[in-house]
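This report goes through one protein model, element by element. Please keep the sequence and the structure in view while reading.

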Amino acid sequence: MTVSLPPDFVLVHGPEPLPPALKRPVIAIGNFDGVHRGHQAVFAAARTMAAEAGGPALALTFEPHPRTFFNPATAPFRLTPAAEKLRRIAESGLQGAIVLDFDAALAAMEAEDFVREVLVGRYGVAGVAVGFDFHFGRQRAGSPAFLKEAGERHGFAVTVVEPMRDENDAISSTAVRRALASGQVGHAAHMLGRPFAVTAEVIHGDKRGRTIGFPTANLALPQDLELAFGIYAVRAMTPAGRFDGVANYGRRPTFDNGRALLEVHLFDFSGDLYGQPIEVEFHAYIRPELKFDGIDALVAQIRADAQQAREVLAREV
């Protein structure tokens with residue numbers, strides 16, 4: 001997926017030098033998957049430091065996620081794919097982002113070398129903001145305490161942002177994933193600062209929904225998505241506008257028990273969305289996915305689900 005970024009948001013890849021307008025930056029460093037409220041606090045710290053220093057505030061992030069590089073088979077699913085992450089960072093008030101390729105060379109770089117060669121030598125940082133649990137360098141040897149000490153030696157300021165909490169959970173990408181896996185999309189939204197959303201192109205399905213009065217836009221999502229199977233109240237942003245709806249994420253046990261699919265029925269919509277990208281926000285979990293004995297029972301339940309979704313979404317306007 002590609003996204004359009006604001007024209008004044010500067011994107012720097014790999015070893016590219018910073019443009020003159022971004023010299024002496026304060027840099028927020030992290031993986032930033034999800035760009036949740038904890039990440040937003042790091043960005044806010046960087047903006048405050050940059051205002052005091054009279055320079056720009058940037059994000060520095062890594063692709064792929066380091067856990068994907070080290071253990072691709074067991075890496076967690078991405079809350080925000082690379083393009084979506086950059087869009088969220090651009091909305092946070094930073095002037096730009098640096099994306100470093102997380103490869104074997106970067107993984108093997110000692111923490112001191114990263115500070116000296118990258119932060120100081122390449123980017124000439126005036127300051128750095130990180131979260132309390134940020135580690136970097138070979139074998140994650142670079143801790144926040146190490147970064148503070150290195151900042152004193154190399155002449156740049158360091159702010160370490162303490163954890164934020166929500167409903168007794170320390171806000172983290174892991175906590176958001178855990179909430180989604182149990183269907184707690186409201187809790188996930190509190191931690192993210194917005195509803196969890198996915199974006200994908202609408203694909204052709206078996207068109208069964210239209211025969212029972214509930215046509216759906218079908219989206220094939222990454223198979224590593226750890227979202228509880230079930231029925232959700234959703235909002236979808238489409239090329240035709242924004243629509244409320246009800247969605248099933250799962251394997252359709254009444255019919256084929258096939259690969260996981262997101263099927264979205266949009267209220268008060270008619271038209272063709274095939275091949276077009278839509279963004280679907282998950283606002284409430286209604287019930288688990290069930291197997292029905294016949295079409296009549298399924299249709300009756302879908303009607304009830306749709307009414308409940310309408311009621312939930314009406315309260316969120």
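## Basis of the description

The model is a predicted one, in which local features need pLDDT of at least 70 and side-chain atom pairs count only at pLDDT 80 or more, while totals for chains, interfaces and linings use all residues. Residues are numbered from 1 along each chain as its sequence is written, and side-chain values use heavy atoms, with hydrogens and water left out.

Helices (H or I, at least four residues) and strands (E, at least two) are DSSP runs, numbered from the N terminus. Two strands are said to pair if DSSP finds at least two bridges between them.

## The open parallel sheet

An open sheet is formed by 6 strands in the order β1-β4-β3-β2-β5-β6, and the pairing is parallel. Its edge strands are β1 (10-13) and β6 (157-161), each of which pairs on one side only. Neighbouring strands of this sheet are turned by 20 degrees against each other on average, direction ignored; axes here are lines fitted to C-alpha atoms, for helices over the stretch in contact, and angles run from 0 to 180 degrees between N-to-C directions. Within the sheet, β3 and strand β4 (residues 96-101) run parallel and are joined by 6 bridges, and Leu58 has Gly96 in β4 as its bridge partner.

Helix α3 (residues 82-90) packs on the sheet and touches β1, β3 and β4, its direction making about 170 degrees with that of β3; touching, or contact, means heavy atoms within 4.5 Å. Helix α5 (residues 111-122) also packs on the sheet, where α5 touches β2 (26-29), β3, β4 and β5 and makes about 145 degrees with the direction of β4.

## The closed barrel

A closed barrel of 6 strands runs β9-β10-β13-β12-β11-β14, with antiparallel pairing. Its neighbouring strands are turned by 40 degrees against each other on average, again with direction ignored. The antiparallel strands β10 and β13 are joined by 3 bridges, and Asn218 stands opposite Glu263 in β13.

## Two nonpolar cores

In soluble globular proteins, nonpolar side chains tend to be buried together. A nonpolar core is taken here as a set of buried Ala, Val, Leu, Ile, Met, Phe, Trp, Tyr and Cys residues joined through side-chain atoms within 4.5 Å, where buried means under 20% relative accessible area, exposed over 50%, and partly exposed in between (1.4 Å probe, protein chains only).

The largest such core has 35 residues, and those with the most contacts inside it are Leu180, Phe196, Leu219, Leu262, Val280 and Phe282. At least two residues of this core come from each of α7 (173-181), α8 (185-192), β9 (196-203), β10 (217-219), β11 (230-238), β12 (241-250), β13 (261-266) and β14 (277-287). Leaving aside neighbours within four places in sequence, Phe196 is in contact with Phe77, Leu79, Leu180, Leu225, Val280, Glu281 and Phe282. A second, separate core of 30 residues includes Ile29, Ile98, Val115 and Tyr123.

## Helix α10

Helix α10 (residues 295-315) has 21 residues and reaches 30 Å from its first C-alpha to its last, close to the 30 Å expected at 1.5 Å a residue, the expected span being 1.5 Å times one less than the number of residues. The buried residues of α10 are Leu298, Val299, Ile302, Asp305, Ala306, Ala309, Val312 and Leu313. Seen down the axis of α10, these buried residues fall within an arc of 145 degrees, so they line one face of the helix; the arc is that of the directions from the helix axis to the C-beta atoms. On the other side of α10, Asp296, Arg303, Ala314 and Arg315 are exposed.

What covers the buried residues of α10 includes β11, β12 and β14. Ala306, found in this helix, counts as buried at 8% relative accessibility. Not counting residues up to four places away in sequence, Ala306 touches Phe214, Val246 and Phe267. Ala306 and Gly245 are 61 residues apart in sequence and 7.3 Å apart in space, C-alpha to C-alpha.

## Positive phi in two loops

Arg140 lies in the loop between β5 (127-131) and α6 (144-154), and its phi is near 55 degrees, a positive value in a residue other than glycine. Arg140 is exposed, with a relative accessible area of 54%. Asp268, in the loop between β13 and β14, has phi near 55 degrees, a positive value in a residue other than glycine, and counts as exposed at 68% relative accessibility.
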